Amino acid sequence: MSTINPYKDFTGRLKLLISKHPMPITITLSNIFTMRLIGNKTHGDLAEIAIAEFINQYMYDFRSVHVGKDLYRAKSQEEDIKIINEITKAEFPVSLKAYEDGPLQLSTDKTGSMFPRLRQEGDEITNNNRLEAIFADPAFSAFATINVLPLIYNEQGQRCNICV
């Protein structure tokens, strides 16, 4: 019997929900990024709470708990929310990242090794073999163990999206 990655199962289900009913996530993300008008850090805090509540309200077979504040204070983990699959009882942490569209931001790289590794490749990576080699590099090993859910925004164009 093969086991499915709980995070991949979740993102697949989230993608299906968003494709069938895009308005709830659009409104949620719009509210999150509107908070940038108040301050740069405000939208990240709101994202943790808003995405956790989005999951609780719209994804009936998943439950989410906002753990970011407690874990941040303890400096123990990167994750912002914990998601529980109510059917399988699988629990997994998720790190939410609000990124402005444009050059890649590597704020989840606590060792600072990913960016120097990417610099070795030059400005553009278009070959799949090179891309696979980069992700196989030890500089990216820790990143593969973090469940990152990117929230993308374009402030000038007043657009936002979620990468699932």
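The model is predicted. Its largest nonpolar core has 26 residues. In soluble globular proteins, nonpolar side chains tend to be buried together.

**The largest core**
- Phe-10 and Ile-51 have the most contacts inside this core.
- Three helices each supply at least two of its residues: H1 (6–20), H2 (22–34) and H3 (42–58).
- Strands E2 (81–85), E3 (91–100) and E4 (148–154) also each supply at least two.
- Helix H3 gives the most, with 6 residues.

**Around Ile-51**
- Residues up to four places away in sequence are not counted here.
- Ile-51 touches Ile-25, Thr-28, Leu-29 and Ile-32, among others.
- Its partners also include Ile-81, Leu-96, Leu-149 and Leu-151.

- Thr-28 lies in helix H2.
- Thr-28 counts as buried because its relative accessibility is 13%, and the cut-off for buried is under 20%.
- Leaving aside neighbours within four places in sequence, Thr-28 is in contact with Ala-50, Ile-51 and Phe-54.

**The surface patch**
- Ile-125, Leu-131 and Phe-135 make a nonpolar surface patch of about 250 Å².
- Phe-135 lies in helix H6, residues 128–136.
- Is Phe-135 buried or partly exposed? Phe-135 counts as partly exposed, because its relative accessibility is 49%. That class runs between the 20% and 50% cut-offs.

How values were computed:
Residues numbered from 1 in each chain as written. Predicted model: local features only at pLDDT ≥ 70, side-chain atom pairs only at ≥ 80, totals over all residues. Heavy atoms only, no water. Core = buried A, V, L, I, M, F, W, Y, C linked by side-chain atoms within 4.5 Å. Buried < 20%, exposed > 50% of the residue type's maximum accessible area, 1.4 Å probe, protein only. Helix = DSSP H or I, 4+ residues; strand = E, 2+ residues; numbered from the N terminus. Contact = heavy atoms within 4.5 Å. Patch = residues over 30% accessible without salt bridge, like charges linked within 9 Å, V, L, I, M, F, W, Y side chains within 5 Å. Areas by Shrake-Rupley, 256 points an atom, 1.4 Å probe, with all protein chains shown as cover. Salt bridge = Lys/Arg side-chain N within 4 Å of Asp/Glu carboxyl O.
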